[in-house]
Amino acid sequence: MKHFLTLNDFNRDEILAMVDVALELKYESLHIGNKPYLKGKVLAMIFEKSSTRTRVSFESGIFQLGGQGIFLSHKDIQLGRGEPIKDTARVISSMVDMIMMRTSEHSRLEEFASYSSVPVINGLSDDFHPVQLIADYLTMIECGIYLTHHNPLYPTKGEGGRNPIVAYIGDGNNMAHSWINLAGILGFELRIASPIGYAPKADIITKAQDMCIQSGGKIKILNDAKEAVSNANVVVTDTWASMGQEEQKEQRKCAFANFCVDEAMMSYAQKDAIFLHCLPAYRGQEVSEGVLEGAQSKVFQEAQNRLHAQKGIMLYLARINKIPLVSVE
């Protein structure tokens, strides 16, 4: 059984194959029409944390693939009343074909997956947000910023792009951890700039740096945002206070005061650099209104790509887990 809990569950070729499936599904959706590859399949969507993009993209995605999604709030199922995770996992997985779970502690997700008889997808945990990174890399490809990787849907890009420099500015949270994972696997240069005391987890950094020895990637942890952004091809940020950290908002505003991605900061990046943000964005805090709404911003293209990325993930997992698919010519 192959799950999608972190990007580290897959190697470089598998990640790129997954992105290719997403690109192909997007092309079909826009130019041919959606095909019911997962006709009759059911996706259970367990939300222990609220969501906009994750719910809409997964629910729309499984519908466009011919299947059906079931929304399960923690308030609606026994998991929210203290039923053991392993019991909920075994019961739900016996009735559906795939499960997406959005939760708090990553260990909850790991336990759930260990007892599930069907593939489990991480829709977000406190430590990782891997589905977002598939959408982000898909967006980079569409903008011509990607590693040496040929996709027939983008023949004008030649036999590969350029090895990009990605600058992540802000909290060392689940988004930072997933960017670290991706850099370690694919082998690009990642610079993370966070205030002192807000860096990503050391063990996640160390593991990715070990992977960089083989992939050729570079991971730099900095405290200077301008240094991180200098000559970058992609500039990324995220909210300073994630869900569950609301009581720290004022404290974090002070700590992150010099980490707002504004027009002045973007001027240090390459002229054709793009700006990404997983949303929701708080204008005037982690990003200025001008950058978010400016020409370099690809955040709404990125958000829409969540739909295609997650369709790609679901179809890829179905194929490698040998879930019967509808043959569509």
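Because the model is predicted, local features were kept at pLDDT of at least 70 and side-chain atom pairs at pLDDT 80 or more, whereas totals for chains, interfaces and linings use all residues. Residues are numbered from 1 along each chain as its sequence is written, and side-chain values use heavy atoms, with hydrogens and water left out.

Let me begin with strand 8, residues 234–237; helices (H or I, at least four residues) and strands (E, at least two) are DSSP runs, numbered from the N terminus. Val234 and Val236 point one way from this strand while Val235 and Thr237 point the other way, and all are buried, that is, under 20% relative accessible area with a 1.4 Å probe and protein chains only. Strand 8 runs parallel to strand 5 (residues 165–169), joined by 4 bridges, and Ala167 stands opposite Val235. Strand 9 (residues 274–277) is also parallel to strand 8, again through 4 bridges, with His277 as the bridge partner of Thr237; pairing requires at least two DSSP bridges between the strands.

Turning to Tyr137 in helix 5, residues 130–142, this residue counts as buried because its relative accessibility is 1%. Beyond its neighbours within four places in sequence, Tyr137 is in contact with residues including Leu16, Leu182 and Leu186, where contact means heavy atoms within 4.5 Å.

Conventions. Buried < 20%, exposed > 50% of the residue type's maximum accessible area, 1.4 Å probe, protein only.
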